[in-house]
Each structure stands twice: as C-alpha cells, then as structure tokens.
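Thanks for coming. I have one model to go through, and I will take it feature by feature.

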Amino acid sequence: MSAADPAAPRKAARAESPLREAWVMFRRNRPAMAGLALLVLIILATLYGALLYGGDPYEIVWAPHEPPGATPEFPLGTDYLGRDIVAGLLTGGGPTLAVGAAAALLTMLIGVTIGALAGYFGGAIDNLLMRFTEFFQVLPALLFAMVLVTLFSPSLTMIAIAIGLVSWPQTARLTRAEFLKIRKLEYVTAARAIGARDGRIMWRVILPNALPPLIVSATLTIGVAILFEAGLSFLGLGDPNTMSWGLMIGANRAYILSAWWPVTFPGLAIFLTVFAVSLVGDGLNDAFNPKLRER
Amino acid sequence: MALLEIDELKVTFRTRHGPVTALDGVSLRVEAGETLGIVGESGCGKSITALSVMGLVPSPPGNIAGGAIRLAGEDLVNTSPRRLRRLRGSEIAMIFQEPMTSLNPVFTAGDQIAEAIMLHQNVSRAEALSRAVALLDRVGIPEARRRADDYPHQLSGGMRQRVMIAMAVSCQPKVLIADEPTTALDVTVQAQIFDLLNDLQRETGAAIMLITHDMGAIAEMADRVAVMYAGRVIEEGRADDILDLPKHPYTRGLIACIPNVGKGEGGEPPPLAEIPGVVPPLHLLGAGCAFRERCGSAFERCAAERPRLLGPAAHPAACHAVEEGRP
C-alpha cells in the first residue's frame with residue numbers, strides 16, 4: 001500500500017479513508033474513467049435527451065422503415081410503424097437503466113442479507129440458507145424469469161423483480177465467502193471482546209470490510225440485468241406500454257433482414273451501456289485490489 | 001475472595017481425533033491491582049484461558065466442560081450471553097497479540113475507541129469522540145486530536161497497540177487481559193508498552209492477566225506467575241521466586257532460554273539454550289506427565305502417573321522429581 005510507505009511525506013500519507021484511496025486509484029485508470037464518462041453521458045442523455053429532442057417515441061411520424069440519413073428530420077430513420085428511432089432511444093434508455101439498477105439493488109438486498117447470515121452464523125443456519133440459495137441457483141434463470149413475467153403482469157417492476165430473484169444467489173455466495181473469511185480475523189474477535197453484539201459485528205464490522213468485491217459485483221449485475229431485460233423484451237415478454245431498448249429490438253426483430261437500423265441502434269445503445277458499466281466495474285475491482293496498486 | 005477466580009476450569013475441543021482437553025483443571029486467582037503472568041509455549045492453553053474468561057471460546061468446537069470462572073464472585077460460565085456481553089469491554093477487557101490485525105481497517109482510530117465507549121456508556125457521539133482523543137493522549141500518542149482521524153494502516157505497530165490499549169481501558173475495566181501484547185513489536189517499543197500498562201494499572205487498580213512466552217516480560221511486569229504446560233498449571237508462585245528458584249524442569253528450561261547477551265565464563269556469550277522437542281499433541285497425551293519426553297529428570301513414575309500441583313501453597317509445582325527431592 002502506497003499510503004503505508006513511511007518514506008512518503010506525511011501529507012501524501014493522509015490519503016484518508018480506504019474508499020477515498022480507491023477513488024484515487026480509480027481516477028488513474030483510464031479505461032475505467034472513460035467508462036464512467038460514457039455512463040454519465042448515457043444517463044444524462046436518457047434523463048434530459050427526450051426533453052431536448054422533443055419527439056414522441058410512440059407517435060407515427062413518417063413512412064415506415066425510412067433508412068437513417070435519408071430524411072434530416074429523422075437522423076436514425078424510422079421503425080416498422082414509422083416511429084422516430086432517435087426519440088425511441090432517448091425515451092427507452094430511462095426504463096432500461098432503471099430496470100437494471102432496480103434489479104441490481106434487489107439482488108444486493110437479498111444476496112447480501114442471506115449471504116451475511118449464512119457466513120456469519122455458519123452451522124445449521126448456513127446449511128439451510130445455502131440449500132435455499134442453491135435451489136434458486138439451479139433454476140434456469142431466463143426460463144424462471146419468463147414464467148414470473150408471464151404469470152404476473154409484464155410490467156417493468158415485475159421484470160426487475162424477476163431479474164433480482166434469479167441473480168441474487170451469486171451475490172449471496174460471494175457475501176458468504178467474504179463473511180466466512182473476515183469473521184475469523186482478529187478485529188472481529190476484538191469487536192466481540194469490547195462487547196459488540198452479533199448484529200453490530202455483522203453490519204458495522206464485517207460488512208464494510210466485505211464491501212469492495214460486493215460493489216464490483218453490484219456494478220456488473222447492473223450490466224447483466226440490462227441484458228436480461230433486453231432479452232425478455234426481445235422474446236416479447238417486456239412491458240409493451242413502456243418504451244425500452246429491449247422492446248425496440250423485440251418489436252422490430254421480424255424485419256431485421258429488410259431494415260437493419262431499428263434493431264441495430266438500440267442494440268448499440270445496450271452494448272455501449274453494458275460496456276461502460278463493465279469498464280467501471282473492472283476499474284473498481286482494480287481500485288479495491290491492493291495487489292494491483294503499485295502498477 | 002479474589003477479584004478474578006478461575007477454579008478447576010476444564011475446556012474441551014471436538015477435533016478429528018476425538019474430544020481433546022485443552023484446559024485440564026486450571027485454577028488461577030488474580031487480585032485487584034495485581035499482575036498475573038501466564039507463561040508457556042505455543043499450544044499450552046494460555047490463550048484459551050484468556051478466551052474462556054472473556055467468554056469467547058469458539059463454540060463449537062470448544063466447550064467449557066467444567067469448573068468455574070468468577071469475577072468479583074459472579075459466575076461467568078453459566079451466565080447469560082447478554083450479561084457476558086455487557087461485562088465484556090466494561091468489566092473485563094482484552095488486548096490482542098497482533099495490533100496489525102486487531103483494529104478494523106475501515107474505521108479511524110478515534111471512531112473505534114468511541115465505538116467501544118458508546119457500547120457501554122450512554123454518551124453522545126461527540127462526547128465519546130472527545131473521550132477517545134483524551135485516551136489516545138493518555139496512552140502516549142502525540143498529536144492525539146489529529147491521530148484520532150488516522151486509519152490503522154497509517155499508524156505504526158506500536159501506535160496501533162497503544163490504540164488497542166486505549167480501547168481496552170476506555171471503560172475502566174477491572175480486569176485487563178493482555179495476550180502477548182508485545183510479541184509483534186520492536187524490543188524498544190515493548191518496554192514502552194509495559195511501562196504504559198504498569199502506569200495504567202497504578203491509576204485504575206485493574207488486575208492484569210499477562211499472557212506471554214517471554215520470561216523477560218514476566219520479569220518486567222508480573223507480581224505472580226503461573227507456568228502452563230499442555231493445558232495445566234505446572235508451577236505457580238511469586239515472580240521473583242519463580243525467576244530465582246524455578247522448581248519444575250520445564251520452568252527451569254524456560255528461564256535457561258532467556259538470551260544472555262553478557263559475557264560468559266570464556267569471555268564469549270554462552271550458547272543459547274533450548275528445550276528439546278515440542279509440546280505433544282493434546283490427543284496423544286497419555287497417563288503420565290506431559291513433559292516427560294522432553295525432560296532431563298524423568299523417571300519411571302513420570303510415565304505412569306500424572307503429577308499434581310503440590311508443595312508449599314505459595315510456590316507449588318507439578319513434578320514427581322521435585323516432590324521426591326530428586327536432582
């Protein structure tokens with residue numbers, strides 16, 4: 001660790017908290033910073049783009065399958081109904097990102113809770129919780145999500161819940177592994193020796209130390225969740241009333257041979273978003289890994 | 001009634017080799033203001049004794065199979081986990097061996113001390129933090145106010161151990177258990193830590209249980225000493241008596257192992273002494289004396305019968321050779 005280097009001047013050594021130190025490392029990582037910039041750009045575009053652009057993504061505004069560049073009014077062309085693709089991209093990004101974030105949040109919530117309880121208490125509780133986790137893990141994820149969405153309404157909320165329910169076992173196992181490792185460390189015994197109770201030790205002592213890999217995994221889960229939502233929408237199981245990138249691809253997939261653009265541009269948007277998220281996740285992984293710090 | 005009494009304590013562990021007795025009838029007493037040194041090699045039961053008092057023996061596989069631990073008359077073995085948790089940190093506190101790993105790396109030194117205070121006393125965060133700074137100052141950390149905002153990795157080993165001590169004494173415990181508090185530190189820092197512990201003890205009148213394998217530490221700190229081997233106390237007495245007139249061959253061996261830097265008879269420093277062999281695995285202990293394989297004075301009786309702690313009440317030893325007056 002560079003901050004522990006006694007030769008470093010005192011000021012530089014005050015690199016502050018481990019999180020701050022990780023941020024310093026992250027900032028030096030160019031691909032990660034590029035990913036972060038791209039992600040911020042995409043988020044800004046989905047938040048304010050539709051307002052600035054002003055088009056209605058649901059309205060039929062032109063002839064169907066107008067190729068990109070043919071009409072300056074619709075730079076990326078129109079889809080099979082004659083709807084503006086740029087408007088669709090700008091409006092559809094919000095729900096896509098929201099589903100991704102909500103699903104990742106749910107994944108963390110369930111995964112961390114179950115993993116922490118299993119890893120901390122061990123024994124019978126661990127056994128029970130891990131069998132429960134395995135039950136979810138062996139379910140074919142896409143199929144299970146499809147069943148959930150078909151059984152209930154194909155709304156964005158349901159899709160987020162479905163994705164969360166199929167992806168938490170990974171997080172649970174990761175959290176359990178971290179807890180198993182950390183609970184044996186001396187500062188946990190020391191915390192017990194000053195009279196801290198189990199809950200406090202789990203959430204205030206162990207969890208903060210287990211966070212780095214969990215943050216990385218949460219970031220990557222966002223990317224996976226976005227792909228998942230796109231997949232469900234592509235199969236026609238998305239929310240038909242809310243524009244999303246996945247829905248655009250799903251609705252236009254029948255015409256992919258005659259008109260490539262209504263499918264390609266939302267696909268590119270998904271690719272860029274997941275790419276940006278992965279770069280950030282990878283950067284976080286490096287930033288939290290002390291072994292890579294010297295590079 | 002002594003402040004802390006351990007009476008015939010028996011701790012067993014479940015292992016692959018079946019149940020193993022880690023502590024076999026250990027009895028110890030510590031008075032207020034007194035320092036009891038517990039010495040012995042790795043694996044002799046020192047740390048398990050400390051963890052038993054804290055109620056922190058990992059269970060399973062560990063289990064207190066018998067005996068009693070009393071703090072000011074209050075039984076600690078059969079008390080509720082809740083009561084035990086309340087006593088931990090406030091009445092009994094512990095300093096750990098590795099200051100490098102016994103502080104939580106993601107919180108500042110001040111935060112961690114404040115946390116310990118707030119667990120047991122109903123004070124505001126600001127008040128706890130200002131007390132933490134005062135404690136850091138008390139344990140000899142320069143610029144305590146600034147250092148309170150340091151994370152453990154920004155502190156040296158000696159400073160971290162001072163932070164641990166500040167944390168341990170934050171609620172003025174009656175009993176302070178120090179498990180090899182200086183093993184991981186520089187020799188020069190060791191002396192400072194001992195001085196600090198001695199000072200704190202004078203101020204608060206706490207009883208200290210010092211666990212160590214370093215006879216030098218015993219000479220520096222302890223009023224009384226208990227020597228442990230393979231889960232039993234094999235000699236006990238005033239520190240001066242044990243250092244000057246050790247009875248048990250094992251204690252004599254330990255004292256012979258203190259490096260002597262001064263000139264010996266030939267003008268050269270004497271060669272370092274050693275006790276041959278290692279502590280036998282606990283599941284292989286037979287009926288006889290656990291030390292007999294490594295002992296120069298062993299005779300037939302040692303293989304047949306386990307020696308009991310006998311002799312004058314002020315300085316008993318568990319050795320057949322001592323009992324029978326053999327050389």
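A salt bridge here is a side-chain nitrogen of Lys or Arg within 4 Å of a carboxyl oxygen of Asp or Glu. Please keep in mind that this is a predicted model. With that cut-off, a search of the whole structure gives 28 salt bridges over all chains.

Let me start in chain A. E134(A) and R173(A) meet through their side chains in a salt bridge, at 3.8 Å from N to O. That pair links distant parts of the chain: E134(A) sits in helix α5, residues 123–137 of chain A, while R173(A) sits in helix α7, residues 156–182 of chain A, and the two are 39 residues apart. E134(A) is partly exposed, at a relative accessible area of 28%, and R173(A) is partly exposed too, at 32%. There is also a network of salt bridges here, which links R131(A), E134(A) and R173(A).

Now to chain B, where I picked two pairs. In one of them, E31(B) forms a salt bridge with R29(B), with 3.8 Å between the closest N and O atoms. E31(B) is partly exposed, with a relative accessible area of 32%, and R29(B) counts as partly exposed at 40%.

In the other pair, K46(B) forms a salt bridge with E180(B), and the closest N and O atoms are 3.3 Å apart. This pair again links distant parts of the chain, with K46(B) in helix α1, residues 46–54 of chain B, and E180(B) in the loop between β7 and α7 of chain B, 134 residues apart. Is K46(B) buried or exposed? At 4% relative accessibility, K46(B) counts as buried, because the cut-off for buried is under 20%. E180(B) is buried as well, with a relative accessible area of 6%.

Back to chain A for a moment, and to its surface. V40(A), I43(A), L44(A), L47(A), Y48(A), L51(A) and L52(A) form a nonpolar patch there, with about 750 Å² of accessible area together. To place one of them, L44(A) lies in helix α3, residues 30–53 of chain A. L44(A) is partly exposed, at a relative accessible area of 42%.

Six of its six residues are buried, so β9(B) is largely enclosed by the rest of the structure. If you look at the side chains, R224(B), A226(B) and M228(B) point one way from β9(B), V225(B), V227(B) and Y229(B) point the other way, and all are buried.

Which strands does β9(B) pair with? One is strand β3, residues 35–39 of chain B, which pairs with β9(B) in the parallel sense over four bridges. Within that pairing, R224(B) of β9(B) is the bridge partner of L36(B). Another is strand β10, residues 232–238 of chain B, which runs antiparallel to β9(B) and is joined to it by six bridges.

β9(B) and β10(B) form a hairpin with two residues between them. One residue in the turn is A230(B), whose phi is near 50°, a positive value in a residue other than glycine. Most residues other than glycine have a negative phi. A230(B) counts as buried, at 5% relative accessibility.

There is another positive phi to look at. Q172(B) has a phi near 45°, and Q172(B) is likewise not a glycine. Its place is in the loop between α6 and β7 of chain B. Is Q172(B) buried or exposed? At 60% relative accessibility, Q172(B) counts as exposed.

In α6(B), 12 of the 12 residues are buried, so the helix is largely enclosed by the rest of the structure. Among the buried residues are R160(B), Q161(B) and R162(B), along with G157(B) and G158(B).

Last, the cysteines. How many disulfides does the structure hold over all chains? The number is zero. For C295(B), the closest cysteine sulfur is in C319(B), 5.9 Å away, which is too far for a bond because a disulfide needs the sulfur atoms within 2.5 Å. C295(B) counts as buried, at 17% relative accessibility. C171(B) is also buried, with a relative accessible area of 9%.

Conventions:
Residues numbered from 1 in each chain as written. Chains lettered and ligands numbered in written order. Predicted model: local features only at pLDDT ≥ 70, side-chain atom pairs only at ≥ 80, totals over all residues. Heavy atoms only, no water. Buried < 20%, exposed > 50% of the residue type's maximum accessible area, 1.4 Å probe, protein only. Pairing = 2+ DSSP bridges. Patch = residues over 30% accessible without salt bridge, like charges linked within 9 Å, V, L, I, M, F, W, Y side chains within 5 Å. Areas by Shrake-Rupley, 256 points an atom, 1.4 Å probe, with all protein chains shown as cover.
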